[in-house]
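Please look over the model shown here. The report below takes up its surface, its strands and one of its loops.

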Amino acid sequence: MIELNFAMLMNIALAGLGLVAACLWLAPLAPVFDLFRHAWPLWLITALIVLALTLGCGLWGQAGLCATMLALIVLPARGEITASRHQPSAAPSGASLTLVTHNLWGKGGDHAGEIVRILTADAPDLIALQEVRKGGLAVAAALSEHYPHAADCGDGPTRLLSRHPFLRSGCLEGWKPANRLPWLRVMPAAWAEIALPDGQSAVIVAIHLPWPEPLNAQAEAIDGLAALFEDFDADRIIVLGDFNAAGPAMIHDRMARAWNLRRRTHGIASWPSESFVRAFGLPRLPFPSMLAGIDHVYAGADWETQRVGRLSDTGSDHRPLVAVLRLHAQ
């Protein structure tokens, strides 16, 4: 009886995986299905667990079906997986920029000094911050000593800090999207055109996108940024921040088309951090590298990716990212 009940439980799990797999493949047709792609690591881990259970219990038929479901779940992410192994080509001869992005989640306060140490370990040229509030204000204040140039939308929660002087800077103001939850809004984006040491210039944009569709707010934010970018040379733009969009979600394709930029962050887990997992008593997942990468760096065609990686846990729910990009000389 116990064996029968377990087999039935596995059949239910397989039916659920089949439904998930179908939604993953339907993502190009409707944004609501794309929500399943944002949670792709969860479905992968679930399929692997179910496969291990069916094999361990000798349920060969269910195991074969689960292997099929696993393949259907993995295939939509094949581009994400292969892109994460991309090796940079020979370095171009132009200026190099080191950038850091981090959603502080309001963390800082008495730990501001340690967070600053983590964020500045690679001596970045620019730092993009999101959710600068509460204790995070102390982090921004401490960073200002070495990053005197700031675009912050009027002390807003999204900020861009720079060692290099600004030629001009500004803010894409936030707004309430048309279709929204009562408290949902599009956050401001801070931008600046910076003067590079070799005499060239580039536009850097710090963003914090809202949650994904079907709430429509993220699509509105993408279109708003696209309108902003029309005033700049797309080949020299860098956009970084909290995108609230995990690979292999189709929304990334929309961003790349709308902005004429290429994502440089594939297969890099940034959420949830170890601190977040511990704070909420969540179980530690067996494949931490497959957690969601929702913090990203996009850049124009003139930028060559030299290095992208994670920094240490700061106590926020996000892990910081660091990216080294080199500009092709003109």
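## A nonpolar surface patch

W25, L72 and L75 make up a nonpolar patch on the surface, with about 250 Å² of accessible area together. Patches take residues with over 30% relative accessible area and no salt bridge; like charges are joined within 9 Å, and nonpolar side chains (Val, Leu, Ile, Met, Phe, Trp, Tyr) within 5 Å. A salt bridge is a side-chain nitrogen of Lys or Arg within 4 Å of a carboxyl oxygen of Asp or Glu. Areas come from the Shrake-Rupley method with a 1.4 Å probe, and for residues only the protein chains shown count as cover.

L72 sits in helix α4 (residues 60–74). L72 counts as partly exposed because its relative accessibility is 30%. Buried means under 20% relative accessible area, exposed over 50%, and partly exposed in between (1.4 Å probe, protein chains only).

## Basis of the model

This is a predicted model: local features need pLDDT of at least 70, side-chain atom pairs count only at pLDDT 80 or more, and totals for chains, interfaces and linings use all residues. Residues are numbered from 1 along each chain as its sequence is written, and side-chain values use heavy atoms, with hydrogens and water left out.

## The six-stranded sheet

An open sheet has six strands in the order β5-β6-β7-β8-β10-β9, with mixed pairing. β5 (166–172) and β9 (262–263) are at the edges with a single partner strand each, so one side of each has no neighbour in the sheet. Helix α9 (residues 251–259) packs on the sheet and touches β7, β8 (237–242), β9 and β10 (295–299). The direction of α9 makes about 30 degrees with that of β10. Contact means heavy atoms within 4.5 Å. Axes are lines fitted to C-alpha atoms, for helices over the stretch in contact; angles run from 0 to 180 degrees between N-to-C directions.

Strands β6 (residues 189–195) and β7 (residues 201–208) run antiparallel, joined by six bridges. A190 has A206 in β7 as its bridge partner. Strands pair if DSSP finds at least two bridges between them. Helices (H or I, at least four residues) and strands (E, at least two) are DSSP runs, numbered from the N terminus.

Strand β4 (residues 159–162) is covered on both faces. R159 and L161 on one side and L160 and S162 on the other are all buried.

Four bridges link β4 to antiparallel β2 (residues 126–130). There, L126 partners S162. Three bridges link β4 to antiparallel β3 (residues 149–151). There, A150 partners L161.

## G109 in its loop

G109 lies in the loop between β1 (96–103) and α6 (112–119). Leaving aside neighbours within four places in sequence, G109 contacts G135 and A138.
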